[in-house]
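Please open the model in your viewer, with selection by residue number at hand. The stops below are meant to be followed in order.

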Amino acid sequence: MPAPLWPAPTASAPVTATVPLPGSKSVTNRALLLAALADGPGTVRQALRSRDADLMAAAMRALGTGLTPSNESTSGVDWQVTPGPVRGGAHIDVGLAGTVMRFVPPMAALADGEVFFDGDPHARTRPMGQILGALRTLGAEVDNDALPFTIRGPITGGEVTIDASASSQLISGLLLTAARFEKGVTIRHEGAPVPSMPHIEMTVQMLRAAGVRVDDGEPDVWRVEPGPIAAMDLVVEPDLSNAAPFLSAALITGGTVSIPGWPARTTQPGDELRPLLTAMGATVTMTGEGLTVTGTGEIAGIDADLHEVGELTPTIAALAALATSPSTLRGIAHLRGHETDRLAALVTEINRLGGDAEETADGLVVRPAKLHGGTFHSYADHRMATAGAVIGLAVPGVQVEDIATTGKTLPEFARMWAEMLGSERP
Ligand SMILES: O=C(O)C1=C[C@@H](OP(=O)(O)O)[C@@H](O)[C@H](O)C1
Ligand SMILES: C=C(OP(=O)(O)O)C(=O)O
């Protein structure tokens, strides 16, 4: 059955809105796993509730972790986490979540029996071979190089060389559990540069906050010493990548959008929205309350290397499609292995609306063109769906297919979008 079409609302006046955002997917899913492996009960506060976060919570439960929710609302939940021995016999559904498919298998290799993994049809095509090969080198048995697969421990750890040019999550996944391997781990990356390094920095910082000794002093080498992971009481930051479509509304409409609680310092790649949106013509200010972006209604194209912040690409490409000068987005060949082939999907959908986008070897060129209405397909990709909503603000008649796919990281997207527009100036 074809997914329903969502008529993307067009903004008729400058948007003025304050948009509180739920917790970061990346922080939530790291925190749940670290709390599950910790040496005592802990708490993960203001955790995201979304498909990816719920899949991580379900995976932790299936592996023997106690999780009790409190203070639950549409914007999040506080999880009381009670670690237990890692239990075999589990079937883990990873959905389409890169964090679940890359972070959980190393933990499953600690179990006392086999653990089976599978996910959505497209998840079976996402790069997994390098991390599964690494788990074999470190002592586990794994019966495939992609989803679906079965893992059997025990894993002892040690030294491994991998090519993580397809995804930083291949490194983060090994690092997160490594303190619980008998020998810890030394990972050496060999290949084209690893993307999304801020996400590896996030992993390293969270491990250190839990008392784990991590040496990342040499480029492309990470060493985790074996030892306990300390119980945590952590408050999850708002998801700054999910701020991108809302902040874009300020640029497109010449309005002002604020995100409360924007952290002063963070490893989230979404923080790069500050220079990126400034380069596209916005005024960006940080106060004690949060971040405020004010636009002029005119968007400048940019030449940007998004290698470190690839997950911002769909929104930046949507803005580029509405810009008055050309944009070149580079360093993002690895987006072909994301929720969908995002380079192909963005080109197809922008051009379907009359745009002028072109795929390059490692990114996109988007030139100014007069867009018209039509269907914007989302390919089960939350960020494609929100990119369609962004274009729809300026272009009447855009219908986004399967807006519900935003539930991967932001189940309330459609309501929040309507609320943001409801506060338009008359
Ligand atoms: O570790 C993480 O939480 C993530 C790392 C990045 O993955 P890639 O390195 O595969 O781009 C990012 O795009 C993804 O949304 C989340
Ligand atoms: C690439 C992304 O997700 P995942 O964690 O599934 O890799 C993303 O959210 O943009």
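What follows is a tour that begins with the whole chain and then moves to the ligands and to single residues.

Before selecting anything, note that this is a predicted model, in which local features need a pLDDT of at least 70 and side-chain atom pairs count only at pLDDT 80 or more, while totals for chains, interfaces and linings use all residues. Residues are numbered from 1 along each chain as its sequence is written, and chains are lettered from A and ligands numbered from 1 in the order in which they are written.

Colour the chain by pLDDT, the predictor's confidence in each residue from 0 to 100: the average is 97, and 99% of the residues score at least 70. The model as a whole scores ipTM 0.99 and pTM 0.98.

Across the boundary, 18 residues of domain 1 are in contact with 24 residues of domain 2, where contact requires C-beta atoms, placed from the backbone, to lie within 7 Å. On the side of domain 1 that touches domain 2, the residues divide into five nonpolar, nine polar and four charged; here Ala, Val, Leu, Ile, Met, Phe, Trp, Tyr, Cys and Pro count as nonpolar, Asp, Glu, Lys and Arg as charged, and the others, Gly among them, as polar.

Now select ligand 1 and the 13 residues that surround it, of which the closest are Ser 26, Ser 167, Ser 168, Ser 196 and His 199; a residue belongs here if its C-beta atom, placed from the backbone, lies within 6 Å. This shell consists of one nonpolar, eleven polar and one charged residue. Helix 3 (98–108) and helix 5 (169–178) each supply at least two of its residues, helices being DSSP runs of H or I with at least four residues, and strands runs of E with at least two, numbered from the N terminus. Because both domains give residues to the shell, ligand 1 lies between them.

Move on to ligand 2, which is surrounded by Ala 97, Gly 98, Thr 99, Glu 311, His 338, Glu 339, Arg 383 and Thr 409.

Select Lys 25 in helix 1 (residues 25–36), which is buried, with 28 other C-beta atoms within 10 Å (20 or more count as buried, 12 or fewer as exposed, and values in between as partly exposed, with C-beta atoms placed from the backbone). Beyond its neighbours within four places in sequence, Lys 25 has contacts that include Asp 52, Thr 99, Asp 239 and Thr 409.

Then go to Arg 342 in helix 10 (residues 342–352), which is buried as well, with 25 other C-beta atoms within 10 Å. Leaving out residues up to four places away in sequence, Arg 342 touches Thr 313, Pro 314, Leu 335 and Asp 381.

As a last stop, select Glu 182, in the loop between helix 5 and strand 11 (185–189). Is Glu 182 buried or exposed? With 12 C-beta neighbours inside 10 Å, Glu 182 counts as exposed.

Notes. Domain bounds come from an automatic or database domain assignment. Two residues are in contact if their C-beta atoms, placed from the backbone, lie within 7 Å.
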